Amino acid sequence: MAADDLLVTMRFVFPRNQALEQRAQLLWCDDSGARREQFYADIAQGGELEQLSHQGHRWVLREAASRELLLSVTARLPAGGGGSVQYIVIAADGGAVTDPLRAALWRMGTSPREHLTVVCPTLLKLVNNILSKPQEPKYRSIRMANPSIGPLFRVDGCAELLRLAGFKECTDSEGEKRLVCEEGTCLSSMEDAAVQLKRLHALIIGLPPPPETLRSMQQSATAAASSVAAASADATAQPSHRCHKCKAGIDNDLRRQMAGSGEVGGWRSHGYIGPGEYRFHCDECNVDLCSKCYDKWKNGDRGIHHLQHNLAIVAPITTPWGNSNYGPGPAPPPVTSRNRRGPWG
């Protein structure tokens, strides 16, 4: 059985969190040329969802209204033979949320709503002051003893978000602790933090969330590209055919391995890949046998295949142009007007 024929039960767990929309959508990804996403199911906060999938297929979870990407996951059987159920927890600590900024927001979302309604406006003011006036020194250094700053560090995830946005904890010459964003710090991370904080603030006060952010779009494109590369590598590693009886792989068509190896595919390039294997094909049943099963069938083993059927012997394809041998040699150069092949006759 091919690897992508294996079925995996994907079990999604969606804990309650203030930083996320109340509902998310599970979508199957077609990472071929169309690059489309097909809706399969809804999942609400506090709920679970099971989805059967072929191994190697990619799925994404998006927040229902804004289409913000929560996670991208590929269906895989658990390592070590741990059954056929793949658990995916939509969480940061030990869960499937691995983006550092989203993980910090997820930790903030575990706090009560009344705490977030206090700290969100303060965080937004800190980052927006610097983004609007990046050359103003007073916005880049904030006293941690400030009464409005203290509550930030009592909410889990706030300190991590500030660090990701570009702030550092420092002590000035008078021994006072400060939050400092040094001059010259790249502000792209702070812009990302500002966008996510606006989303969080909209959610906790009951407003519709903003549409999908640029960061989410970039992560979606990266996940799709990674999935295509992984699928190509998996396909290259798979045999071209399988025996209908014993399910053993048959490396009969080596062109996929040549493409996956980066081989240019020149003359005699099959020498780098291997000699290939014969397969024995039944046109009536459209199945193949490996050489071992074919020998048993030829000796009269009815359990292998119908004895009255004819099996065609298919030689291995070992060249990029589809031949079963060394292939044709290079064509000679054209004859010139002086009836000479090149400068030396």
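Modeller: Contact here means heavy atoms within 4.5 Å. Keep in mind that this is a predicted model.

Biologist: Fine. Which residues of helix 3 are buried?

Modeller: In helix 3, residues 158–165, the buried ones are Cys-158, Leu-161, Leu-162 and Ala-165. They span an arc of only 100° around the axis, so they sit on the same side of helix 3.

Biologist: Why would residues three or four places apart point the same way?

Modeller: An α-helix has 3.6 residues a turn, so such residues face the same way.

Biologist: And what covers the buried residues of helix 3?

Modeller: The cover includes helix 1 (100–109), helix 2 (113–132), helix 4 (188–204) and strand 10.

Biologist: What follows helix 3?

Modeller: Gly-166, with a positive phi near 120°.

Biologist: You mentioned strand 10. What is the strand order in its sheet?

Modeller: The order is 8-10-9, in an open sheet of three strands with antiparallel pairing. On average, neighbouring strands are turned by 35° against each other, direction ignored.

Biologist: How many bridges link strand 9 and strand 10?

Modeller: Four, in the antiparallel sense, with strand 10 covering residues 177–180. Lys-168 has Val-180 in strand 10 as its bridge partner.

Biologist: Switching to Arg-199: buried or exposed?

Modeller: Arg-199 lies in helix 4. Its relative accessible area is 1%, and buried means under 20%, so Arg-199 counts as buried.

Biologist: Which side chain does Arg-199 make a polar contact with?

Modeller: Glu-63, at 3.3 Å. Leaving out residues up to four places away in sequence, Arg-199 also touches others, including Glu-21, Glu-68 and Arg-102.

Methods:
Residues numbered from 1 in each chain as written. Predicted model: local features only at pLDDT ≥ 70, side-chain atom pairs only at ≥ 80, totals over all residues. Heavy atoms only, no water. Pairing = 2+ DSSP bridges. Helix = DSSP H or I, 4+ residues; strand = E, 2+ residues; numbered from the N terminus. Axes fitted to C-alpha atoms, helices over the stretch in contact; angles between N-to-C directions. Buried < 20%, exposed > 50% of the residue type's maximum accessible area, 1.4 Å probe, protein only. Arc of directions from axis to C-beta. Polar contact = N/O pair within 3.5 Å; in protein donor to acceptor, adjacent residues only side chain to side chain.
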